[in-house]
Amino acid sequence: MRRECGRSFFGVWFAGLVTVAVLSSSCGLRGQALKLRYRAGSEHGFLILRNPAGAILATGEITQVPYKHRITLRVVFRFSDGSIDDETTVYSQGETLRLISDRHIQNGKSFPHPCDVMIDVPKQQVSVRDLTNKTDEAKTEHMDLPPDLSNGILFTLIQNMQADTPIEVPYVALSPKPRMVKLAIAKGEEDHFTVGGRSYKAAKYDVKVHIGGVAGVVAPMIGKQPSDLHVWVAKSSVPTIVRIDGALYTDGPIWSVQLASPVW
């Protein structure tokens, strides 16, 4: 049996979707078109991944390179045990955001189910390769991938939301057989954080897996409802994500991604 692989987002999160995918319908799901409010540009930043106790598990880098209307976003985390989480997302930005491709690799001791996953929207294909056995070949299958698919660009979508208007977007959840689910995103409570002793406000967004029908009733009863993802966005004229809390793989612990500052 092929092992399951968690998804991540700046691309790097919400692996709990994998667990619940086997309960959801395989039919295509469309979300709500979200108008582009903030055009992405060149970016290079540094990240840290912490456990609930605050210990640093991995250091990361995020790079974003625009070319005309196409953006290439890459997020890499390197763990102290040699593990790696590497995701490269290509998307377009016009009036709305559109995913083109998303490749995500998780490998090493920190990941119980190492794998290499590729989503190709133009080809309407999803490929999964189990990295437990290096001789295994990628298995590719056709899927009806909607144009508003949120894999790899979930956080960019959140930055473009009208704060008080919840949305739902489709997402490919990966299990032995990939399935389509919906993510319900809504603004929650307001928090405060400090930088250099100065206080700032952050809007907290909650991301939930939306499962309809009988599956939605059964999932919490049998312990298959994934934990929520939480995203904090600094409130300003230019929204900036300053923290993400969620599981990096199926049934994994809740870890926290935060912006890092250089130490001299």
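Is Asp86 buried or exposed? Asp86 is buried, at 12% relative accessible area. Buried means under 20% relative accessible area, exposed means over 50%, and partly exposed is in between, using a 1.4 Å probe and protein chains only.

Some ground rules. This is a predicted model, where local features need pLDDT of at least 70, side-chain atom pairs count only at pLDDT 80 or more, and totals for chains, interfaces and linings use all residues. Residues are numbered from 1 along each chain as its sequence is written, and side-chain values use heavy atoms, with hydrogens and water left out.

Back to Asp86. It sits in strand β4. Strands here are DSSP runs of E, at least two residues, and helices are runs of H or I, at least four, numbered from the N terminus. The Asp86 side chain makes a polar contact with the side chain of Arg74, at 2.6 Å. A polar contact is a pair of N or O atoms within 3.5 Å; within protein, one must be able to donate a hydrogen and the other to accept it, and residues adjacent in sequence count only if both atoms are side-chain atoms. Leaving out residues up to four places away in sequence, Asp86 touches Arg74, Val75, Val76, Arg103, His104 and Ile105. Contact means heavy atoms within 4.5 Å.

Ile84 is in strand β4 too, which covers residues 84-93. Ile84 is partly exposed, at 27%. Its C-alpha is 5.9 Å from that of Gln106, 22 residues apart along the chain. Among the residues Ile84 touches, beyond four places in sequence, are Phe79 and Phe111.

Those two bring us to aromatics. The whole structure has three aromatic pairs. Rings of Phe, Tyr and Trp (its six-membered ring) pair if their centres lie within 6.5 Å; planes under 30 degrees apart are stacked, over 60 edge-to-face, the rest tilted. Phe79 and Phe111 have ring centres 5.4 Å apart and planes at 80 degrees, so the pair is edge-to-face. Phe79 lies in strand β3 and Phe111 in the loop between β5 and β6, so the pair ties together parts 32 residues apart in sequence. Phe79 is buried at 9%. Phe111 is buried at 4%.

Next, Phe193 and Tyr200. Their centres are 5.6 Å apart and their planes at 20 degrees, so this pair is stacked. Phe193 is partly exposed at 22%, and Tyr200 is partly exposed at 34%. Phe79 and Phe111 also form one aromatic cluster with Trp255.

Now charges. The charged end of Arg243 sits over the ring of Trp232, 4.7 Å from its centre. The criterion is NZ of Lys or CZ of Arg within 6 Å of the ring centre and within 35 degrees of the ring normal.

How many salt bridges does a search of the whole structure find? It finds seven. A salt bridge is a side-chain nitrogen of Lys or Arg within 4 Å of a carboxyl oxygen of Asp or Glu. One joins Asp116 and Arg103, with closest N and O atoms 2.5 Å apart. Asp116 is in strand β6 and Arg103 in strand β5, 13 residues apart. Asp116 is buried at 12%, whereas Arg103 is partly exposed at 40%.

Another joins Glu168 and Lys182, at 3.7 Å. That pair links strands β9 and β10, with the residues 14 apart. Lys182 is buried at 18%.

Last, Asp228 and Lys208 meet in a salt bridge at 2.5 Å, N to O. Asp228 is in the loop between α3 and β12 and Lys208 in strand β11, so the pair ties together parts 20 residues apart in sequence.
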